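Below I note what I looked up, entry by entry.

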Amino acid sequence: MGDTTTILIEVFFETMSYWWVILPTIFLGLVVGGIPGFSAANTIIILMPLTLSMSLEVGLIFMVALYCASRMGAGIPAILVNIPGTAGAAATPLDGYPMAQAGRGQQALAISFVASCLGGLLTTIVALMTMPVLARVGFYMHSVEMIVVMLFGISLIASIAAQDMLKGLIAGFLGLMIGSIGTDVVYATPRGTFGFLELYDGIPLIPALVGLFAVSEAFVIIEKKLIITEKAKAAMATPNWHATFEGAGLALSRWWHIVWTSLIGLIIGVIPGAGASIASFVAYQQSRSFSKTPELYGTGHAEGLIAPESANNGVTSGTLVPLLVLGIPGGATAAIMLVVMQYHGVSFGPSLFEDSPKVGYGMFMAMAVSYLFMLLTILPLSRYMSRVTTIPTIYLAPMIISFTLVGAFVPREYMFDMYLALAFGVLGYIARRTGYHVAAILIGVILGPLLEKYFLWSLKKSDGDIMVLFSSNIGNVLWVCLVLSLVLPIVFGRIRRNKARMVTQ
Amino acid sequence: MTRTSDFNRRGFLKTGMAASSMALGLPAIARAQSYPEGNINVVIPTAEGGGADRNFRAFTSVWKDKLGTEFEPSFFPGASGRVGYELYMGKSEPDCYNLIFGNMGPEVLNWAMQPPGFDIDDYFYFGQVDKDPCCLFVGAESPLQTMDDIIAASESRKLTVGTSRMAHPASIGLLALGEELGIEFNLIPLQGGKGTVAGAVTGEVDFSVLTSGSVIAAGDSVKTLLVFGNNIVGEALDNAPGINDAYGMNLPEMLSARAFGIHRKAAEDFPDRYEMLSRTFRETFDDPRLMEAYLANKGQPEYLVYADAEECAAFMKSMLELGARYKTLLSGA
């Protein structure tokens with residue numbers, strides 16, 4: 001223990017001495033995270049020759065800082081212009097964008113930054129302290145258990161549908177149907193691909209994401225002069241720090257919310273193959289289910305923004321756990337880190353903390369220091385970033401469409417994906433104009449294929465026995481939790497209404 | 001005068017044609033001699049950052065000096081590599097400036113399951129960079145730590161086995177083993193090498209089969225029990241025996257083999273260019289810098305094995321035959 005503490009102190013000061021790497025990388029990460037289609041993973045790949053030429057410490061700090069900053073950066077356009085930079089930020093605009101539309105973009109950004117940094121920092125510390133235990137989560141969360149986790153996220157469709165049940169469910173099922181396009185995960189039989197090879201791997205997420213949210217938003221906002229109201233613009237005419245402090249205060253006053261939603265992200269992050277998109281939707285769903293004011297979600301509610309942002313930053317530290325302890329990368333970025341570290345002769349896995357403890361602890365320390373630096377350097381920028389919402393839509397809408405089309409092209413470099421983003425944009429526009437919730441469609445598109453994958457794996461493992469869904473103790477506990485999380489809010493809601501009625505009587 | 005009269009219209013035309021032919025032909029000759037004039041585009045039908053990417057960069061870092069030009073990769077991993085082959089390689093000019101860096105194991109096997117939209121004779125592989133035998137492995141904490149454990153456990157239940165995808169040489173290796181031992185295994189496609197390793201380590205499946213390079217990269221988290229070929233790396237694969245030695249079988253090696261391919265038309269229309277490509281490819285293997293680059297990219301030196309177009313064609317043919325033989329089991333048809 002004493003040795004570990006000494007190593008941690010040494011590593012902390014060493015990491016701090018690399019501030020000259022961390023600071024520029026944070027800004028690079030914010031930019032690449034904010035552009036749809038770009039991510040820490042493909043940026044590290046693009047910069048691979050540079051990364052490989054760096055020393056082990058510098059390369060490690062560079063990759064980790066980029067990873068954290070890009071995760072946080074993805075939330076910025078999601079809040080300001082309804083463009084989630086990555087699938088992990090898909091739940092962020094649900095409450096972030098309504099805040100920006102109401103002229104509270106600065107507060108929304110501050111909430112997002114504080115929730116991201118504190119969530120990331122907290123989960124990094126928890127991961128560091130409980131690494132051996134956390135690494136075991138993947139040993140218990142198999143396909144059967146993951147089906148229930150997916151259902152937590154997908155049940156959000158029902159919450160959204162509560163406002164207009166029929167339309168919400170139609171939108172959700174449409175999303176699930178779109179999500180089932182592509183080859184099946186067992187025998188690779190193509191379904192609903194219309195002969196397009198580009199759809200064999202399923203609907204690509206980024207074109208669907210930017211199409212449904214951003215392109216359709218551009219079509220909508222072009223019909224008015226500004227994203228925000230004239231009144232809100234007048235209020236924003238005199239920039240001040242008050243809104244930033246107000247946003248930070250809102251987030252800090254909900255510190256417990258940050259804690260538990262970021263822990264959801266951490267636990268989902270340590271499961272190999274699960275990711276930020278699952279975590280953010282599950283956290284949002286749980287946050288809404290146990291809120292005293294669920295009706296405020298989707299209207300610009302602080303907790304609706306805190307939940308996905310804390311959770312997706314919790315995933316960041318979570319994905320490092322299986323990588324360091326088991327040698328199994330928890331996500332795409334962790335997989336590329338593995339390649340780079342192996343180039344430097346570092347072998348991940350059970351022997352890492354015996355052979356190279358400084359590398360193991362160093363990665364978490366780099367993450368913690370990056371979040372600290374981000375909190376101090378990025379929070380003040382919310383005052384200036386929020387000005388984006390005051391740009392007239394005649395400039396903003398074409399910029400959004402241009403950026404998003406480029407973003408749709410980047411991940412796979414297929415022209416097809418740009419057309420697909422436009423098609424999803426038209427679908428999203430029609431949905432908005434006819435009162436269907438695009439988020440319900442998107443949840444189906446994102447989580448549907450994952451649910452199907454785990455479901456087919458489970459069935460294949462059991463030779464088609466449907467009772468496999470209830471074959472695991474942990475899975476059964478999760479089923480009970482799922483039912484409770486759906487039923488309890490209704491019960492609590494009734495109790496609150498009864499109490500309110502009694503008070504008024 | 002007579003000589004002047006000889007230079008008639010026909011003579012003029014003949015001379016003109018000859019001159020024109022020379023004029024038109026010369027640039028072609030000059031072009032051939034100056035090949036390559038630009039970068040060589042290479043379609044890679046797998047994702048960036050993976051094993052193919054690493055091997056490609058290592059190999060071309062030396063080959064580029066032999067050929068005197070740069071190689072420009074483009075990654076198109078969609079539809080098990082079919083997007084790369086059909087949409088991008090298919091649409092590129094057959095002029096020896098466009099190559100594909102594919103895997104003759106899983107990718108060719110996939111064609112046996114689902115016939116591609118192109119004639120598979122449109123391309124051929126002319127140079128193998130490396131070959132990597134598939135293997136069977138368990139997680140370090142698995143209760144199954146030997147092949148005997150696996151055989152004993154399979155008597156009481158059908159064991160689940162992770163594989164990268166159904167149409168994979170490792171899957172065929174396992175099915176052949178099952179046939180030999182009279183055991184029915186339940187193959188679970190875990191979508192890629194990372195998932196397959198994770199499946200074995202975390203207990204999602206009882207054990208997994210995969211190309212050995214990825215298994216070696218997983219380090220201490222896994223233990224290899226059997227190689228579907230020859231174990232030429234010894235300790236790196238836990239000294240696991242080859243399947244033929246262990247069970248007296250006569251199974252061809254189940255390999256992942258990365259190779260450069262080219263349009264057949266390009267090789268036929270530009271034989272001099274093709275000759276230069278294949279010659280410099282061969283010469284690259286004689287350069288000691290290749291081994292250094294390969295090792296720097298964490299490649300197993302024993303797996304760096306040259307094969308020419310003829311050997312590649314034989315390998316491809318054997319994969320298609322194996323695919324046809326096991327199609328029912330691998331495609332669920």
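**Entry: contacts in chain B.** I call two residues in contact if their C-beta atoms, placed from the backbone, lie within 7 Å. With that in hand, I looked at contacts in chain B with a separation of 6 or more. Residues 24 or more positions apart account for 78% of them. I remind myself that this is a predicted model.

**Entry: confidence.** I checked the scores next. The model has ipTM 0.78 and pTM 0.80. For chain B the mean pLDDT is 84, and 89% of its residues reach 70 or more.

**Entry: make-up of chain B.** I counted 15 helices and ten strands in chain B. The chain has 333 residues, and 49% of them are buried.

**Entry: helix α7 of chain B.** I then listed buried residues in α7(B): B:Pro169, B:Ala170, B:Ser171, B:Ile172, B:Gly173, B:Leu174, B:Leu175, B:Ala176 and B:Leu177. Just after α7(B), I found B:Gly182 with a positive phi of about 70°.

**Entry: helix α17 of chain A.** I ran the span check again here. Helix α17 of chain A has 14 residues, 276-289, and should span 20 Å at 1.5 Å a residue. Its end C-alpha atoms are 20 Å apart, which agrees. As for cover, 14 of the 14 residues of α17(A) are buried.

**Entry: A:Phe424.** I located A:Phe424 in helix α24 of chain A, residues 415-433. Is A:Phe424 buried or exposed? I counted 28 other C-beta atoms within 10 Å, and a residue needs 20 or more to be buried. A:Phe424 is therefore buried. Leaving out residues up to four places away in sequence, A:Phe424 touches A:Pro207, A:Ala208, A:Gly211, A:Leu212 and A:Val215. For A:Leu212 I also looked up the distance: its C-alpha atom is 5.2 Å from that of A:Phe424, though the two are 212 residues apart along the chain.

**Entry: the largest nonpolar core.** I found 261 residues in it. Those with the most contacts inside it are A:Val64, A:Ala65, A:Ile111, A:Met150, A:Leu442, A:Ile443 and B:Cys135. Helix α8 of chain A, residues 105-134, gives the most to this core, with 14 residues. From chain B, domain 2 (39-132 + 256-331) and domain 3 (133-247) each supply at least three residues to this core. I followed up one residue, A:Val64. Not counting residues up to four places away in sequence, A:Val64 touches A:Met363, A:Ala366, A:Met367 and A:Ser370.

**Entry: where the chains meet.** How many residues does each chain bring to the contact? I noted 33 residues from chain A and 33 residues from chain B. On the side of chain A, α9 (137-140), α19 (332-343) and α25 (438-461) each supply at least two residues. α19(A) gives the most, with five residues. By class, I sorted this side of chain A into 19 nonpolar, nine polar and five charged residues.

Note on methods
Residues are numbered from 1 along each chain as its sequence is written. Chains are lettered from A and ligands numbered from 1 in the order in which they are written. This is a predicted model: local features need pLDDT of at least 70, side-chain atom pairs count only at pLDDT 80 or more; totals for chains, interfaces and linings use all residues. Helices (H or I, at least four residues) and strands (E, at least two) are DSSP runs, numbered from the N terminus. Ala, Val, Leu, Ile, Met, Phe, Trp, Tyr, Cys and Pro count as nonpolar, Asp, Glu, Lys and Arg as charged, and the others, Gly among them, as polar. A residue is buried if 20 or more other C-beta atoms lie within 10 Å of its own, exposed if 12 or fewer, and partly exposed in between; C-beta atoms are placed from the backbone. pLDDT is the predictor's confidence in each residue, from 0 to 100. A nonpolar core is a set of buried Ala, Val, Leu, Ile, Met, Phe, Trp, Tyr and Cys residues joined through C-beta atoms within 7 Å. Domain bounds come from an automatic or database domain assignment. The expected span of a helix is 1.5 Å times one less than its number of residues.
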